[in-house]
Amino acid sequence: MQTLKSKSYWLSLSLMLSLAVMGLLYDVLNSPERGFAVLNSPIDRLIPFVPGMSLPYLGWYPFVFGVLAYLCAKDRLTYYRVLLSMNICVWICYLIYFNFQTSVLRPEITGTGLGASVLGWLYSQDRPYNCFPSIHALHSYLVMRAVLSVQSIRRYVKLLVAAGATLIVLSTLLIKQHVIYDALGAIILGECIFTIITGLSLYRRRRKDSKWTEGIN
């Protein structure tokens, strides 16, 4: 509770606005004007179409920012690492979208109900481009990876975060918003960048405490 009253906590939390600023470029790149490729695999043809999974897909927003806020309170250094990793990964994704735009062939929504209605709205708001790698899968994996790396976080919290991230990644496939290559590409990219950032941070901290991390346990 004391952490939530800390000015440094809220200042650190405000760094998440960097993700919102980065998001402004998403719509600029989300178009077929540069040409596009369609990635598909036999696995994708076996994955069922489940409109109801649009609900956990939209839960990505509170999930990612909620976990980041928790990390900021629990382990500030890991929070900085994962936030930096997320920004770097998004820039890499944007470079890929610009040079290698991909698209997903969406099925027709024929059902009724809340899930189908939400998915219809989602399809109307987000054009089927900017697919590889999936930013939904990328951010979900990165916050999960960060939480799992903190020894002081309790096991049940790690299990809840892992379950939430897994559900969101699966939802991208089950609503045919992404294909398996998009999810795998995101996970590989996230793992590589987070590992590099963590390694550099630990190396630098061993040599000399950074002014950004001084006094943070």
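Q: Where does L25 lie?

A: The model is predicted: local features need pLDDT of at least 70, side-chain atom pairs count only at pLDDT 80 or more, and totals for chains, interfaces and linings use all residues. Residues are numbered from 1 along each chain as its sequence is written, and side-chain values use heavy atoms, with hydrogens and water left out. Helices are DSSP runs (H or I, at least four residues), numbered from the N terminus. L25 lies in the loop between α2 (17-23) and α3 (26-29).

Q: Why does L25 count as partly exposed?

A: Buried means under 20% relative accessible area, exposed over 50%, and partly exposed in between (1.4 Å probe, protein chains only). L25 counts as partly exposed because its relative accessibility is 36%.

Q: How is a positive phi to be read, and which phi does N130 take?

A: Most residues other than glycine have a negative phi, and most peptide bonds are trans. N130, however, has a positive phi near 55 degrees. N130 is in the loop between α8 (114-125) and α9 (135-149), and counts as buried because its relative accessibility is 1%.

Q: Which peptide bond is cis?

A: The bond from F132 to P133 is cis, with omega near -5 degrees. P133 is placed in the loop between α8 and α9.

Q: What phi does K176 take, and is K176 buried or exposed?

A: K176 has a positive phi near 60 degrees. With a relative accessible area of 15%, K176 is buried.

How values were computed. Helix = DSSP H or I, 4+ residues; strand = E, 2+ residues; numbered from the N terminus.
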